[in-house]
Amino acid sequence: MRYGAKILFEEVSTAFTPGKRYGLTGPNGAGKTTFMNLLSGDLEPQKGSVVRPKKLSVLRQDQFAFDAYRVIDTVIMGNKRLWAAMEERNHIYEKPEMSNEDGMRLGELEGIVGEEDGYSAETDAAILLQGLDIPDALHERKMSEIQGGQKMRVLLAQALFGHPQALLLDEPTNHLDLDSIHWLQDFLNRYDGVLITISHDRHFLNSICTHIADIDYETIITYTGGYDDMVMAKTQVRSQIEGQNAQREKKIAQLQEFIARFSAGTRSSQVQSRRKEVERLQVTELARSNIARPFLKFEMKRPSGKHILELEGVTKSYDAEVDIIQSFTASVLRGEKIALMGRNGVGKTTLLNALLANSPTTPETELRKTSGYAGPFLSDGKVTWGHEAAVGYFPQDHRSLIEPGMSILDWIFQWDPSVSNEEIRGLLGQMLFVRDEATKKTDVLSGGEAARILFCKLMLQKPNVLVLDEPTNHLDLESINALNIALQRYQGTVLLVTHDHDLIDEVATRIWHFDDHKIEDFKGTYEAYQAASQQLAVGK
């Protein structure tokens, strides 16, 4: 498959075996989604053929396609044969009178419904929906009545339904909280068909994959094991080839020196054998990898005071309904890295907004723009920022911060007019924007590019507090790993909302866990928090 001069992959022959679970990896733009579309049949290859099983299930991204249907029916539609039989059966039952042919056809349809486990279909669909945090109260509702993130979870349940022979999942952990991701991992580890998934969640890939199919060097190479195993094997293979090439080049140089010295003399037979040896030792040409790693480094213009943030009785409710957050009190010290955890919709972003609304360095217009909320950010309580607090903010809806019609260079320049063009271009280079891309218009940025210029802004501002709300959305694995390392090395304070297991595990020194309108404040790592939670569960 190629687009113009750009070859995504060429002469690829590979097979995906039942019972094995493959992660499809490669940086943004490598062709992962294109390859998935070739596998699903949504796209035809320009050359070659794809053989696929009859019962193939794909995670659909069009969240409006099923608006007219009930949530539970949308899930059952994942089994096309069953749904078609149920629809036809209902149509026959609706007739005022049934013919003999109708009666015979009903018998055939009941047979199909039985073969496809149709009599337990609603129960099976409900179990999937519950695992993905879609409550029973929504199962009978129309798809048009539920939120976008919930729709995507219903479409994931649709893909998982009906025990397909092959399952193609493109970014299945998007819109899932950590509990739902762990549920999905368990489900997929029990699945016995062929799984092929694209994900930017390293922990998810390491937890479920038996193999990694990596798109690089204009081909697809399959490695055994999870993502970390692939990175290690790939690095070793390349190092080995580079080492062999270095030895060959040294040997070729020695042979060519001999040929140059004696080609005109009496040792012509030896010269000839040396020439053949040079031909045999031709260096293996190393194709250029398309992996590019950004370099993130968060610094501080000046450190903050020791007591960076105080929360006293912080409460937030919407429209005088039940409090989303009830009377939360906490004290944050300089250098703490706090992960805000809990299911979707429990108030993590709401709390960040309440903190930012009282921050000395976050303009209210910026906060209103990213939150889309016009009311007060705090219903009761008090938020006090400490001495010299300078807050850098990465909102979940980060696109709303980027004005259209500007060049990338001009958009970043406005955040610190004192810096030189060279400094800004240096930052852009760190975030993988090559020379000409600095003049690219903000209107045409992809989600990943928009996230990367926001990181440029934060590196330029050098705040001593970072407030990051879902910063890994739209980032590829290399960028997420770079962010992970940068946050571990950062000397300032971090408030982080993410569903990336490794990011929480490797960065957080404290956990705020949201559940039932209350926040549990655990002073320790995620590993220690999990251990304490398990002990508590055993005690109960």
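Reader: Let us start with arginine 510. Which residue does it form a salt bridge with?

Author: A word on the source: this is a predicted model. In it, arginine 510 forms a salt bridge with glutamate 336, and the closest N and O atoms are 2.7 Å apart.

Reader: Where do arginine 510 and glutamate 336 lie?

Author: Arginine 510 is in strand S16 (residues 510-515). Glutamate 336 is in the loop between strand S10 (323-333) and strand S11 (337-341), so the pair ties together parts that are 174 residues apart in sequence.

Reader: Is arginine 510 buried or exposed? And what about glutamate 336?

Author: Arginine 510 is buried, its relative accessible area being 0%. Glutamate 336 has a relative accessible area of 16% and is buried as well, because the cut-off for buried is under 20%.

Reader: How many salt bridges does the count come to?

Author: The count comes to 29 salt bridges. One of them joins the side chains of glutamate 88 and arginine 105, at 2.8 Å from N to O. This pair links distant parts of the chain: glutamate 88 belongs to helix H3 (residues 80-93) and arginine 105 to helix H4 (residues 100-115), 17 residues apart.

Reader: What is the relative accessible area of glutamate 88, and what is the relative accessibility of arginine 105?

Author: Glutamate 88 has a relative accessible area of 31% and is partly exposed. Arginine 105 counts as partly exposed too, at 28% relative accessibility.

Reader: What separates arginine 368 and glutamate 364 in helix H12?

Author: About one helical turn separates them, because arginine 368 and glutamate 364 are four residues apart in helix H12 (residues 364-371). Their side chains meet in a salt bridge of 2.9 Å, N to O. Arginine 368 is partly exposed, with a relative accessibility of 24%.

Reader: Which residues do salt bridges with shared partners join into one network?

Author: The network is made up of Lys55, Arg81, Glu115 and Glu116.

Reader: Changing topic to helices: at what angle do helix H14 and helix H15 pack?

Author: Helix H14 (residues 421-430) and helix H15 (residues 447-461) pack at about 130°, and their axes are 10 Å apart. The two helices are therefore oblique to each other. The crossing in which H14 passes H15 is right-handed.

Reader: Which residues make that contact?

Author: From H14 the contact takes Leu427, Leu428 and Gln430, and from H15 it takes Cys456, Met459 and Leu460. By class, the residues of this contact are five nonpolar, one polar and no charged.

Reader: Is glutamate 11 buried or exposed?

Author: Glutamate 11 is exposed, and its relative accessible area is 61%.

Key:
Residues are numbered from 1 along each chain as its sequence is written. This is a predicted model: local features need pLDDT of at least 70, side-chain atom pairs count only at pLDDT 80 or more; totals for chains, interfaces and linings use all residues. Side-chain values use heavy atoms; hydrogens and water are left out. A salt bridge is a side-chain nitrogen of Lys or Arg within 4 Å of a carboxyl oxygen of Asp or Glu. Buried means under 20% relative accessible area, exposed over 50%, partly exposed in between (1.4 Å probe, protein chains only). Axes are lines fitted to C-alpha atoms, for helices over the stretch in contact, and angles run from 0 to 180 degrees between N-to-C directions. Angles under 35 degrees count as roughly parallel, over 145 as roughly antiparallel, 65 to 115 as roughly perpendicular and the rest as oblique. A crossing is left-handed if the near helix is turned anticlockwise from the far one by less than a right angle, and right-handed if clockwise. Contact means heavy atoms within 4.5 Å. Ala, Val, Leu, Ile, Met, Phe, Trp, Tyr, Cys and Pro count as nonpolar, Asp, Glu, Lys and Arg as charged, and the others, Gly among them, as polar.
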